[in-house]
Amino acid sequence: MQSGKSIIIENISKHYGSVKALENINFSVDNGEMFGLIGPDGAGKTSLIRILTSLLLPTSGNAIVNGYDIVKDYKKIRKTIGYMPGKFSLYYDLTVEENLNFFATVFGTTIKENYDLIKDIYSQIEPFKDRQAGKLSGGMKQKLALSCAMIHKPDVLFLDEPTTGVDAVSRKEFWLMLKKIKNKGITIFVSTPYMDEAELCDRVALIQDGTILTVDTPVNVVKSFDNPLYSIYSDNIYYLLKDLRALSATKSVFAFGQSVHITFNNGTNIEDVNKYLKDTGHSNSNTKIITPCIEDCFMQLMSVKS
Amino acid sequence: MKETIITVRNLSKKFGDFIANDDLSFDVYKGEIFGFLGANGAGKTTAMRVLCGLSKPTSGDINIAGFDVYSQTELIKTNIGYMSQKFSLYEDLTIDENISFYGGIYKLSNKEIKEKKELLINKLQLNAVRKKLVRELPLGWRQKLAFSVAIFHEPKIVFLDEPTGGVDPITRRQFWDMIYEESDKGLTVFVTTHYMDEAEYCNRVSIMVDGKIAALDTPVNLMQTYNAKNMDEVFLKIVRFS
Amino acid sequence: MNIFKGFVIKEFIHIFRDYRTMVILFGIPLVQLLLFGFVIKSEIKDADIAIYDQAKDNHSKRITNKLLSSGYFRLDKDLDNYDGIHQAFREGKVKLVIIFEQNFSEKLEKTGNANVQILADASEPNTANLLVSYSNAILSSYIKDLNSTSKMPYNIITEIRMEYNPELKSVYMFVPGIMALLLMLISAMMTSISITKEKEMGTMEVLLASPIKPFVITAGKVVPYIFLSIINVLIILSISYYVFDVPIKGSLFLLVSVCILFILTALSLGILISTVTNSQQVAMMISLVALMLPSILLSGFIFPIENMPIVLQYLCQLMPPRWFIEIIRNIMLKGVSFSFIWKETCVLFIMMIVFNLLSIKKFKIRLE
């Protein structure tokens, strides 16, 4: 990999009939990077991952994975990548150990040979190795699927929404596992609809409606947020939202947990806003300036686009 | 005083030796947005099924909108709405057909269905696409429509099972706007979610661990009690250390 | 080779862990075979017959009595001329007509030989054949009784004619037929379902993204079913031999070899089905409707091909079971050697190759 790039994507488009799932995608992923593809369902994440894993042909454009062309050299790509699709693709009637054994055999290796690589993850489910995969909890299925996807020591690991439908604790654990895998030198390409997971990646691509909104490090994405962002707290978020939307100075306002995140048109005096809030009955409202998170940025980029 | 609309006392549900719900007791108030959180496999789905009258508890007294879960399940069903991420609308029917179908299920008259349908379609601005199949709608729109259909028969309580999974952040907030609006009108909303910021939108939140309710309070109080700066931390602390 | 072995082991685990598969694999053949066997056997009770007794003398009356008191036959018509025979058959009720020649007793006692003609409605070949053999048995037992008390050996010469289906199908016809039906259904349906199941579960996606070759995936799927189908063949053959007394006149080795060829053909068809659909449900429907019905209707299993409209007769030639049934019947019932059936075997073989070529052409190395 003379270029130091694990994945190079050039002008990839994918159309299904008249539906444009992907439009002109361009970016690259460095060796050993943890790269996040972040966007809601239907944004085109799965199509892109399937193209990069040689499972789909792009309508136009091309891509290089591990130095191999995804169309011409698909056989070579399949030897060097690991792939975990959106559904945990396990054989539910096979036990934990039988699943792992089978996938090891498919790649011409054995559990023993690469045990070190998966030890951290697999050891957590090893006590249940005789249980059928269908009877595992969601978190355990996820760990087994990950073990299966890595058993052959891939150079690049593709994970399609590994944390969807998984509770917050299991999600945290999963990202810790990914960190450890990354530290072993494996490039990770992971997609997720959860914006908060962006901060755990080295770099991210934000994707919406088949186009890339931005590609950068999470820090730089946040820096690119060009308006001061305020957080306003009030007892009743519903009325707070309504009142702020009625205010002409408001540029964008979104609920964020207990408070709202808001940007104003240039030249707005924040004291005027506070006064307005007191007047509309938000007696104990509290306004402060904050650093935006990825989700703020995503919404801003989305609004700019449309 | 607050009017109670869901009363749960000592709810237990067992499957053989396995205890899915262990002695749950809580109240939900009218017009409240009640967040029902928990790790995967903690027993949320089981409890939700019992509350919707879909399965009988092993023991306990449960009253939903004034009706008993053992003897009045049919009455419960006409007084609640239900929507889940996985299934809520028929993808191979049009928007029009879906609304009429659900109206029909809840025995609304044809006239009523027609009138309310026009209102709903105008409100959601779906007039241009009303003859399209639901499968052709973007996910966010679909979920908003599904929510509207779930409350089409004006139930007292609506149960939402992970309604916003995978929806983009802007549409997700529009979805919550709809929830706020209905709750303001008096609808009780019982919702599960994996997004912790959404947990903060709820009036009160319960967190289930291993079949039991480990915590139940307003988000602000929970954050204080657990000395956490957001619900995400609260959740982590409770689930990991209980 | 190791990959292949691992794959086959996994398939066996799938099969043995799912009791439904086991039931379909072994339960259905057993039940079908026993059901068909006993239904056909027990069908013969109070069959309507007609008798044209031109003699109306001692022996003819006594034989008639014996026939009617056997419980197998019931007299529907006493005929008094030949024209009435076809009339009786055409009305559909009468299955068998027995004709005694003139001066039956006199001839029997003087010459020791007398003639009985047995006409059967062979449009239902199995019934016809059974009825004929029952009446034959009753006639010979009558003669036996007679001979035991007399010095002179008597003999009744029976002339049997099968009406409407002169090239009579054997009563044992149902064994080859059922074998064809079951092997077709099970082999084709089970493989197509087990391949589409991987597509539905998403595991096919992982296999496609791995270096495993498509050939290994399909071959690995098929091997366990070859093995299990052979066991099935042996079970069917033993039941028909021991329970229903169906003879196996030809070489057992040849018989099993042809069965294996047919199993391979059916499996190839199953693979082909799985390349055109992604859902288990559709695979099952195609197997049932597109394979089972033609196997029953167009293979000559139940309805004689010769009596079909010409278009359907051509269509029958495209059905693998049609050839298989013919081969099996020849080996089992007539005991022929390979030189008599090589043409039919070739047809099956070519079909198998064609199915495989189509599958290879259609197999997708990607998801679309």
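Trainee: Which elements of chain C have the lowest and the highest mean pLDDT?

Mentor: In this predicted model, strand β5 (residues 155–163) of chain C has the lowest mean pLDDT among the elements of that chain, at 72, while helix α10 (residues 252–276) of chain C has the highest, at 93. Here pLDDT is the predictor's confidence in each residue, from 0 to 100, and helices (H or I, at least four residues) and strands (E, at least two) are DSSP runs, numbered from the N terminus.

Trainee: And where in chain C does pLDDT stay under 50?

Mentor: That happens over residues 165–171 of chain C, for which the model has 20 contacts beyond four places in sequence, a contact being heavy atoms within 4.5 Å. Chain C as a whole has a mean pLDDT of 83, and 93% of its residues reach 70 or more. The model scores ipTM 0.83 and pTM 0.81.

Trainee: Before we go on, what are the ground rules for numbering and cut-offs?

Mentor: Residues are numbered from 1 along each chain as its sequence is written, while chains are lettered from A and ligands numbered from 1 in the order in which they are written. As this is a predicted model, local features need pLDDT of at least 70, side-chain atom pairs count only at pLDDT 80 or more, and totals for chains, interfaces and linings use all residues, with side-chain values using heavy atoms and leaving out hydrogens and water.

Trainee: Okay, back to chain C: at what angle do the axes of α7 and α9 cross?

Mentor: The axes of helix α7 (residues 174–201) and helix α9 (residues 214–242) of chain C come within 10 Å and cross at roughly 155°, where axes are lines fitted to C-alpha atoms, for helices over the stretch in contact, and angles run from 0 to 180 degrees between N-to-C directions. The two helices, α7(C) and α9(C), are therefore roughly antiparallel to each other, a label given to angles over 145 degrees.

Trainee: Which residues make that contact?

Mentor: Among them are C:L182, C:I186 and C:M190 of α7(C), together with C:V222, C:Y225 and C:I236 of α9(C).

Trainee: Switching to chain A, what is the strand order in its six-stranded open sheet?

Mentor: The order is β6-β7-β8-β3-β9-β10 in chain A, with mixed pairing, and two strands pair if DSSP finds at least two bridges between them. The edge strands, each pairing on one side only, are β6 (81–84) and β10 (211–216) of chain A, and the twist averages 15° from one strand to the next.

Trainee: Which helix packs on it, touching β6 and β7?

Mentor: Helix α5 (residues 138–150) of chain A does so, and its direction makes about 160° with that of β6(A). Helix α6 (residues 168–183) of chain A lies across β3, β6, β7 and β8 of that chain, running at about 155° to β8(A).

Trainee: What about chain B, how many residues lie between β9 and β10 in the hairpin?

Mentor: Two residues lie between β9(B) and β10(B), and B:D210 in the turn has a positive phi of about 50°. The two strands pair in the antiparallel sense over five bridges, with B:L216 in β10(B) as the bridge partner of B:S206.

Trainee: Last one: which chains have the most contacts between them?

Mentor: Of the two pairs of chains that touch, chains A and C have the most contacts, whereas no contact joins chain B and chain C, whose closest C-alpha atoms lie 17 Å apart.

Terms used: Angles under 35 degrees count as roughly parallel, over 145 as roughly antiparallel, 65 to 115 as roughly perpendicular and the rest as oblique.
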